[in-house]
Every structure is written in structure tokens, then in C-alpha cells.
Amino acid sequence: MKILIIEDEKGLSESICSHLSKDGFLCEQAFTYASAEEKINLYQYECVIVDINLPDGLGFGIVEALKKLSATTGIIIISARNAIEDKLKGLEIGSDDYLTKPFHLSELIARVKSLIRRKNFGGETEIVFNEIKINMSRRMVYVNDTETPLSRKEYDLLLYFISNKEHALTKEAIAEHLWGDNIDSADSLDIVYSHIKNLRRKLVEKGAKDYVHSIYGIGYKFGEH
Amino acid sequence: MKLLTKTTLYYLGFSIVIYLSIALAFYYVTEYLVYEDVETRLHSEKKDFMSFVSSNGLWYRSCYFVQNKIEFHASAYHDDKEVFSDTTLYDKNNKQLIPSRQLVFYTKLGPDYYKISIRKSLLESDKLLKYLTSTMLAFMVLGLSVMYFVLRRISRRVWRPFYDTLSKVKSFKLTKEQELELSPSTIHEFEELNEVMHKMVRKTQKDYKNLKEFTQNASHEMQTPVALINARVEELIQSKNLTDKQVYLIQEINNSSNRISRITQGLLLLSKIENRQFSTIKEVYFNTLLRKKIEELEELFMHKELKVEYHEEGDFEWLINPDLADILITNLLNNSIKHNITGGTISITLLDDGFDIANTGESLGIDPKTLFQRFRKGKASGSTGLGLAIVKQICDAYGLQAEYYYQDNLHHIKISPASL
């Protein structure tokens, strides 16, 4: 699956690229409007991540061009401009998501994956991770085919974990994913902990392996290792 | 004291002093003239008397029938002086005392010396003086009041451009990007004043704009580097076998960059509200909004074992941007959680004219007046110090006011329509 990252800040682009590559995506980078335009005309991408402020133009132009070229490509705008007008404009001209800088890489990955799922299967999808199965349309979780009722936050958490499997996640990134950025209280980190505890307990009770590993001082990692 | 009152008072004070001294001088001059006249006549009467006495040798009381006109008594004492003095005479016909002037002198009639007093009534002249003085006073009062009104009128007219400028400068708001429009004046000084005002306002506006742009640009430009730090930290934590020391360092970097990102976002939000970049305005029903927010934050309440009381005693609706209304409530509720004690209470009261959020918590530690300023932090660590500044900015932008007060061991923040 090919992804194009249009971002003029090379370091950031590189980080996004290396993160996505680990999940098996094939990343290409464009640092200017011109090179981005050239690339979208030459190749087909599953998903394009585009920054609005490029040295030689506004990313909105790329979004519009992309919509004409290939309607199935998912588009995520990343921008330092948090203006609601920009957000609305981006969504209006055909981008699928809008993420404001600074963001957590894990959040971007989760959004990319969710977007690709939506594009490919129209939301009618099941995610399977070993014995855990998530039915996206019904928001149901099964462990070894037994229904495992989860609260809304626990469900979101599990989905986020699976989208970022084998990636270390910071507590802050998890808290922000669950509550958005209007929670800046240190207490929310403790709540993350209690949600994770409950999620683990519920999954293990139904016979799943404990895939959540806490990383001392940093956060959590979901995966086999 | 108002300028007009002050000048009027000065004018009245000076005028009264001057008018009174004129009146006094006038009175004395008239009196002097009257006396002079009376005394001349007394002199001539003395001459008549003396010539009569020298030709006839003596004086008959009867030859001068006007009562008390001339009196003479035998006197052992005598000198050559003539003395004028004021006296009163009893008028038998009118039964009253009449103010008079008398001339006293001594002369020899036959073998003996006599003291002679010739009198003249001052009644006529007194009346004259009285009428003159009162007429003059009346005219003075009239003149004074006419002058007073004319002066007030003139002052008011002359100072009108000044008051006009004053009221315009008073109602001028720096945050609204409007020109200061002063009406031109024909008076040189006021024209100069207006010019200076214009210059000053333009300069202040420019400075203010620069400062605002600086804050905005700085926060804006910081977003990308912060995003980069975050991304790099996230990459870094993927590596295995990190030592404890490394983990600690990463944690510190992560916390700091998260803080920077929250601060810049807060500052950006503040400048956006200030710049009126939230154009949508809707009637927001705070009853629903509060209920929704309380529900959303339930986990946080529970986590800190907070008892939440919600009293809905009215309906509060306000024209405001819905996103900002959301932020307003979120910040206030977050605040009441953050600065609360474990097991404390939060009491939310909604009335017809606003709402009040009260929470238990430690003493403020800072001056309540500065509570709504940027970067004022209480004891709670990890806060950006912008939450309440944002609350205030939102309130200011939409005609609300936020007040802090402490009552019954609770910290209250009350949001209500701003009183004009």
C-alpha cells in the first residue's frame, strides 16, 4: 500500500515515513508543491498526507487536483493552522480528515488506517488480531468468538491499540486520542491507566492473551512481544 | 469637578467680589456727596444764624419754628471748632426718629457762651441712597445672572469639540480595529489635541497589532518544530533496551514538548478569539451544554471522588459561538476538577442570568484580581495558566463577564451577562 507524504519539514516527513514503513506501508515523500503535483500525476496512492503550508503553494490545491485524478485516494490534511475555516474548507474540497500540528504519530497512523479501512471496505469490516476480532460496523468485540462487551472508551482504546500494534504509545497520546485535546488535566493520565486495566481484565477473562505491555515511564505497547 | 462648573464657580466668585466692592464704593461716594451737600447747607445756615444774632443781638426761639431745628444751651465750655456729627431727632408729627446731621459750635450771646446745634434731616438723602443702592444691586444681580447664562452657553459651545473628543476617546476600544474618528474643530488648540490623539491611537494600534501578530506568529511557527520533537520522541521510544536514565530523559522531553504545544495552542486560541476569527454565532442553550459536559467529564469526577451537584434553577441562553461556549464550559469544569481536593465537591448552579461553578479546594495563593490574567498559575502543577484567560477572553468577546468570589469554603466562578 502506497502512501505519499507531502510535508516540507524534512524531519517530520521522515519520522512519519519511518513510522508508517514499520507497519508495512510504502512511503514516498514530497517536500514541495511542484514535486507533489508531479507525483500524484504519475502514481496511484492509497492515501496522501498533505501539509497546507508548502513553500510554493497551499496544500488545498493538491487536494483538489487529487480529487479529480482519483476519487478513491484517502486524503489527510496536516496543518499548523487550527482555524475552523481551514478545517471546513479542507473537508469541503474533499479531504477525509484534518489533523492539527503538533500531533502524535500514533494518532496519525490510527487515522490513516481507519481511513484506508473505510475506503476499501466501506466500513463493513472486521479486524482480526489473533484471537481478538472486532466487528467495526456493530462496534462489537469477540475473543475466540465469544462476545466481549466493552465500554465505549475501552472499545476506542482497543481499536487504537490494534491500529498501532507493536508501537510504543505514550500515555499522553492515548489520553488525547480518547478525550481530544480539551483535556489537559494530569488526572486524565490516571484514567487512561484505569481504562487500560479494565480492558486487559475483560479481554483476559474471555481467554485472550494479555497483549498490553506497559513500558516503564513511557506508556504502553500492544502486541505479541 | 467638571470644567464648566469650575470656570462658572470662579467667574461667580470673582464677579461677586468685584460687584460687591463696586457697590460698596458707590455707596460711600454717594454718602460722601450727600454729606457734603448737607454740610454746605448747614454752614450757610450757621452764617444766617450768626448774621441774625449779630444784627439783633439775640435769638428768639420762635423765629425758627421748625422743631428741633436749632438748639442752644448755655455752656461753660467753649472753643472755636465746628463739629459735624450724625444724630437722630424725634419727629412729633410722624412719631419716629429721623436720621439727621448736626453742626455743633460755640458762640457768645450777650455775656454767656452757648453751645449751638443746627440740625438738618437726612431723611430725603437717606431714601435716595437706599433707592440708588438697591436699584444698583438689582441691576448687578440681573447682569450677573445674564452673564452667567451667557458664559455657560459660550463655554459649552466652545468646549463642545473637547467633550466630543473626550467621549469618543472614552468609547474607543483598542481591540476593535476601528479608526478613531474625531470631528474637526475650528479652535486651534482642539484641532491640535485631535491630531495628537490620532497620532497616539494610531501608534498604539500599530503596537498592539504587532504584539498580537507576534504572539500569533510565534505560536504558529512553533507548531511545526514541536510536531517534529513529538514525532522524534515517538520514534525514540520505539527503540528497545532503553536505560532508566534514557527513559527519564525522554519523559522529560515529552512532558515539556506537550506543555509547549498546549501553551502555543492556548495562545493561538486567545489571539483567534481576540481577532474575532470565530464568525458563527448561535443561540446556545447552556442547560443542555452543561448537562452534556458534566456527563462527558464524569470519569474525571469519579476518579477524583468528587461529588457533583447540579442545580438547574433557570434557563440560560446566550448568543455565542458554539465551539467557544464548549471551550468555556470545559475550561471552567476542568479548572474545578484540577484545583479540587480528592473527595471534594463541585456545585454548579444555573440561573436565568448565567451560571455559577463552585468547587472546594485549597486557598487561591494568588491575588483574585489577577486570576484571569495569562500565565497566572495556582498551585496545580502542569497547567498552562491559560485556561481562565481563555474563559475571560471568550466572555469579553460575547458580552459576558466572569467573576471570582470565595464563599462558604467554596471557590466560585460566576458567568453572567456583562453589566454596562
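## Helices α4 and α8 of chain B

α4(B) and α8(B) are roughly parallel to each other, a label given to angles under 35 degrees, while over 145 counts as roughly antiparallel, 65 to 115 as roughly perpendicular and the rest as oblique. Helix α4 (residues 244–274) of chain B and helix α8 (residues 387–397) of chain B pack at an angle of about 10°, and their axes are 9 Å apart. Axes are lines fitted to C-alpha atoms, for helices over the stretch in contact, and angles run from 0 to 180 degrees between N-to-C directions. Helices (H or I, at least four residues) and strands (E, at least two) are DSSP runs, numbered from the N terminus.

From α4(B), the contact takes in Gly266(B), Leu269(B), Leu270(B), Ile273(B) and Glu274(B); from α8(B), Ala389(B), Ile390(B), Gln393(B), Ile394(B) and Ala397(B). Two residues are in contact if their C-beta atoms, placed from the backbone, lie within 7 Å. Sorted by class, the contact of α4(B) with α8(B) has seven nonpolar, two polar and one charged residues. Here Ala, Val, Leu, Ile, Met, Phe, Trp, Tyr, Cys and Pro count as nonpolar, Asp, Glu, Lys and Arg as charged, and the others, Gly among them, as polar.

## Basis of the model

This is a predicted model, in which local features need pLDDT of at least 70 and side-chain atom pairs count only at pLDDT 80 or more, whereas totals for chains, interfaces and linings use all residues. Residues are numbered from 1 along each chain as its sequence is written, and chains are lettered from A and ligands numbered from 1 in the order in which they are written.

## Strand β8 of chain B

Strand β8 (residues 345–351) of chain B has a covered face made of Ile346(B), Ile348(B) and Leu350(B). Its uncovered face holds Thr345(B), Ser347(B), Thr349(B) and Leu351(B). In a regular strand the side chains alternate between the two faces of the sheet.

β8(B) pairs in the parallel sense with strand β6 (residues 307–312) of chain B, over six bridges; two strands pair if DSSP finds at least two bridges between them. In this pairing Glu309(B) stands opposite Ser347(B). With strand β9 (residues 354–359) of chain B, β8(B) pairs in the antiparallel sense, also over six bridges. Leu350(B) has Phe355(B) of β9(B) as its bridge partner, and a hairpin through two residues joins β8(B) to β9(B).

## Where the chains meet

In the interface, 33 residues of chain A are in contact with 35 residues of chain B. On the side of chain A that touches chain B, α1 (10–22), α5 (105–121), β12 (168–170) and α8 (187–205) of chain A each supply at least two residues. α1(A) gives the most, with six residues. By class, this side of chain A divides into 14 nonpolar, 13 polar and six charged residues.

## The three-stranded sheet of chain A

An open sheet of three strands in chain A has the order β12-β14-β13, with antiparallel pairing. β12 and β13 (212–215) of chain A stand at the edges with a single partner strand each, so one side of each is left without a neighbour in the sheet. Neighbouring strands of this sheet are turned by 30° against each other on average, direction ignored.

Three bridges join β12(A) to the antiparallel strand β14 (residues 219–222) of chain A, and Ala168(A) stands opposite Lys221(A) in β14(A). Helix α7 (residues 171–179) of chain A packs on the sheet and touches β12 and β14 of chain A; the direction of α7 makes about 70° with that of β12(A).

## Helix α2 of chain A

Tyr33(A), Ala36(A) and Ile40(A) are buried in helix α2 (residues 33–42) of chain A. A residue is buried if 20 or more other C-beta atoms lie within 10 Å of its own, exposed if 12 or fewer, and partly exposed in between, with C-beta atoms placed from the backbone. Seen down the axis of α2(A), the buried residues fall within an arc of 60°, so they line one face of the helix; the arc is that of the directions from the helix axis to the C-beta atoms.

These buried residues of α2(A) pack against β1 (2–6), β2 (26–30), β4 (53–54), β5 (57–58) and α3 (59–69) of chain A. On the other side of α2(A), Glu38(A), Asn41(A) and Leu42(A) are exposed.

## Backbone features in chain A loops

The peptide bond from Lys101(A) to Pro102(A) is cis, with omega near -5°. Pro102(A) lies in the loop between β7 (97–100) and α5 of chain A.

Asn130(A), in the loop between β8 (126–129) and β9 (132–135) of chain A, has phi near 50°, a positive value in a residue other than glycine. Asn130(A) counts as exposed, with 11 C-beta neighbours inside 10 Å. Glu166(A), in the loop between α6 (152–163) and β12 of chain A, has a positive phi near 65°. Glu166(A) is partly exposed, with 13 other C-beta atoms within 10 Å.
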